[in-house]
Structure formats: C-alpha cells, structure tokens
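Subject: Structure for you to look at

Hello,

Here is the structure I promised to pass on. Please open it and keep it beside this email while you read.

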Amino acid sequence: MPPLALTTLQTLFDNAAMALLPAVVPRESLTSANARLMTGQEVVGRFVGGPVAPLLIGVGTALPFAVDAATYLIAAALVASLRTGASPRPPAASGRTLWREIAEGIRALWGDRELRGLCLSVALANVGVGALIAELVVVVKDWLGAGDFGYVAVTTGYGAGTVLGGLLTGQFVAAAGGRIRTLLLAGAVQTAALVVFGTVRALWPAALALALFGCAGTVWNVLETTLVQQRAPGAMLGRISSAFRTVSIAGTPLGALLGGAAAVAWGPNSPALMAAALLGAGAVVLIPLVRGGDSTSSDSGQIPHTAL
C-alpha cells in the first residue's frame, strides 16, 4: 500500500509542479528554469542521496526512511512559501466531474498539432526507455561482462551526462535555432548513443555512450516540458499536462515487457538496439514539426552555474 500511495501522490505532485512553474517564472525564462530544476534534482538524487543512503543505513535501518520523510516535509514547506498571482482558471462550476476534465485535457492536447506530435514522439521514446531500463543490468553484466563496477560506471556516466545537458541546454537551443530543432537533434543523438551502447562490446565506450545519452535526454526533457508549459493555455495547463504525461508514459511498462522478450529471443544487447530504434522513430515524428516552422521562441539565454 505505501508504494502505491507514494507513486500516486508523486504523480499528482509532478503534474502540479509543471503547472506551477509558469506562475512563478516568466514565460521567456521557462527553459532555463526547467533546466536548473532538473539538473538540481539529478545532482541531489544521484550524487548526494545515493552516497548518503548507505551511510544512513549503517547508523540504523530506519534512519533513511526518517530522513526521506523529513525531506518531504521540507519540500512541502518550500512549496507553501511560494507566492503566485491569481489563478488563470476560474473556479470549477458545480457538477463538473473528473472524467469531464480528463476528456477536456485530451481534446485540447489532440487539437494542438505541435503538442500532439510531441506527445506521440515522447510515447515512442518511452517505450524504448522502458526496454532499456528494465534490461540495463543484463546488458552491462551479461553482454559487456563488466560486473558491478561496470554497472556503477555506466550509471555514473549517465548521471554526469544529465547534469551536463542541463547546464548546456540554453546553448544547444541557441546553436540549433529553436526548440523543435533541438529536440530533433537530441533524439538523433540519443539514438546514435544507444546504437554504440548496443554494438560496441567494451565498458568505457559504453559508459561514454550513456553519458551522451543522458546529456541529450536532459535537453529533451527540459524542452519537452517547456513546450507544454508555453503552448498550453494557462487555464488548461494542468489538464493538458496531465493528459500528455499519461499518454506519453503509458508505454514505459510495455517497453519493459518488450525488452525482456527481446533479450530472451535475440540476446542481452537487443534491448539497447530496440530502444535505439524506438527513439529514432520518435525523432522522425518531429520532422514535420520542424518543416512547419519552430513556432516557439528560442529562449536561448544561458543557464548560469529525465531517468536511469
């Protein structure tokens, strides 16, 4: 029961956070804000929380859970301290139902050509990511023969790449000339990185490939989130983002099943190649959007200083 409650509440939190950020950050700064937010989450979660957890367990098995609970309370206090303007959405009329609001979000998502194409692209990519995550240990230990050290090396490389991607997102958008073009390039880079990861049977090229995959993945996640926030009407943002996340993430469990079946049928490296094919297909979906013109501003301001 606790895991079900946690994941349910996390879903509500994530959807609310996506809708809240535009209320506290100017729209032209959303790319930078999302990049900072995702980079901070990766740094704290992977490079602070990960090493600290074994130390806490050494002191007492209950201590990590107590510290985790305390962090939720701190997060709630920080959210409560935020000050936003008036809600762009009027109070809901009586008689409205949850299903009606869900349907409104889906209709609005489907009616926007750019968001519809982006959602389909992300859904395909998430099937591939599900296959990769489910079988990553198998690829590293059985195919690369790299053992526990190898698994730590590739996941650390991935984490370092995600941080780098967050730091450089603004520069990438400026160089590519728009968010949609940058998304397309990020998808192509992720595809190439996974091809290397699934074909070159050596640890360090695999670690570098996943670092590149993580870098491009953060750029993708930042821009995907920003596009949804900027294109959705303020009064509909919560419903559209919820519909977007539901549709796009639904394929991840399917990907895990497909990845396991592929590993049994074609070998332990096949989930990585399957993921490459699906991410490549997701990038192809974006091509008509690029040809139609990148309708969003580049927000190419530099950033001062999404997961395996």
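Start at Phe-244. Leaving aside residues up to four places away in sequence, Phe-244 touches Leu-109, Leu-115, Leu-118, Cys-119, Val-122, Glu-224 and Val-228. Bear in mind that this is a predicted model.

The largest nonpolar core has 28 residues. Those with the most contacts inside it are Leu-109, Leu-118, Leu-183 and Phe-244. Which elements give two or more residues to this core? They are helix 2 (30–59), helix 5 (113–143), helix 7 (179–199), helix 8 (203–231), helix 9 and helix 12 (287–291). Helix 8 provides the largest share, 7 residues. As background, nonpolar side chains tend to be buried together in soluble globular proteins.

Now the overall picture. The protein has 12 helices and 0 strands. Along the sequence, the pattern reads α-α-α-α-α-α-α-α-α-α-α-α. Of the 308 residues, 42% are buried.

Next, helix 9. It has 13 residues. From its first C-alpha to its last it reaches 18 Å, close to the 18 Å expected at 1.5 Å a residue. Its buried residues are Leu-237, Arg-239, Ile-240, Ser-241, Ala-243, Phe-244 and Ser-248. Look at Ser-241, which sits in helix 9. Is Ser-241 buried or exposed? Its relative accessible area is 0%, so Ser-241 counts as buried. Not counting residues up to four places away in sequence, Ser-241 touches Asn-15, Met-18 and Val-228. Val-228 is also on the list of residues that Phe-244 touches.

Helix 9 (residues 237–249) also meets helix 10 (residues 251–266). Their axes come within 5 Å and cross at roughly 10°. Angles under 35 degrees count as roughly parallel. Helix 9 and helix 10 are therefore roughly parallel to each other. Which residues make the contact? Helix 9 uses Val-247, Ser-248 and Ile-249, and helix 10 uses Gly-251, Thr-252 and Pro-253. These contact residues divide into 3 nonpolar, 3 polar and no charged.

On to helix 7. Its 21 residues should span 30 Å at 1.5 Å a residue. The end C-alpha atoms are 30 Å apart, so the two values agree. The buried residues of helix 7 are Arg-179, Ile-180, Thr-182, Leu-183, Ala-186, Gly-187, Gln-190, Thr-191, Ala-193, Leu-194, Phe-197 and Gly-198. What covers these buried residues? The cover includes helix 2, helix 5, helix 6 (147–176), helix 8, helix 11 (270–285) and helix 12. You have met Leu-183 already, as one of the residues with the most contacts inside the largest nonpolar core.

Leu-136 is buried, with a relative accessible area of 3%. Leu-136 and Pro-271 are 135 residues apart along the chain. Their C-alpha atoms are separated by 8.2 Å.

Val-138 is found in helix 5 too. How does Val-138 count at 25% relative accessibility? It counts as partly exposed, because buried means under 20% and exposed means over 50%. Not counting residues up to four places away in sequence, Val-138 touches Trp-143 and Pro-268. Val-138 and Gly-260 are 122 residues apart along the chain. Their C-alpha atoms are separated by 9.6 Å.

Best wishes

Note on methods:
Residues are numbered from 1 along each chain as its sequence is written. This is a predicted model: local features need pLDDT of at least 70, side-chain atom pairs count only at pLDDT 80 or more; totals for chains, interfaces and linings use all residues. Side-chain values use heavy atoms; hydrogens and water are left out. Axes are lines fitted to C-alpha atoms, for helices over the stretch in contact, and angles run from 0 to 180 degrees between N-to-C directions. Helices (H or I, at least four residues) and strands (E, at least two) are DSSP runs, numbered from the N terminus. Angles under 35 degrees count as roughly parallel, over 145 as roughly antiparallel, 65 to 115 as roughly perpendicular and the rest as oblique. Contact means heavy atoms within 4.5 Å. Ala, Val, Leu, Ile, Met, Phe, Trp, Tyr, Cys and Pro count as nonpolar, Asp, Glu, Lys and Arg as charged, and the others, Gly among them, as polar. The expected span of a helix is 1.5 Å times one less than its number of residues. Buried means under 20% relative accessible area, exposed over 50%, partly exposed in between (1.4 Å probe, protein chains only). A nonpolar core is a set of buried Ala, Val, Leu, Ile, Met, Phe, Trp, Tyr and Cys residues joined through side-chain atoms within 4.5 Å.
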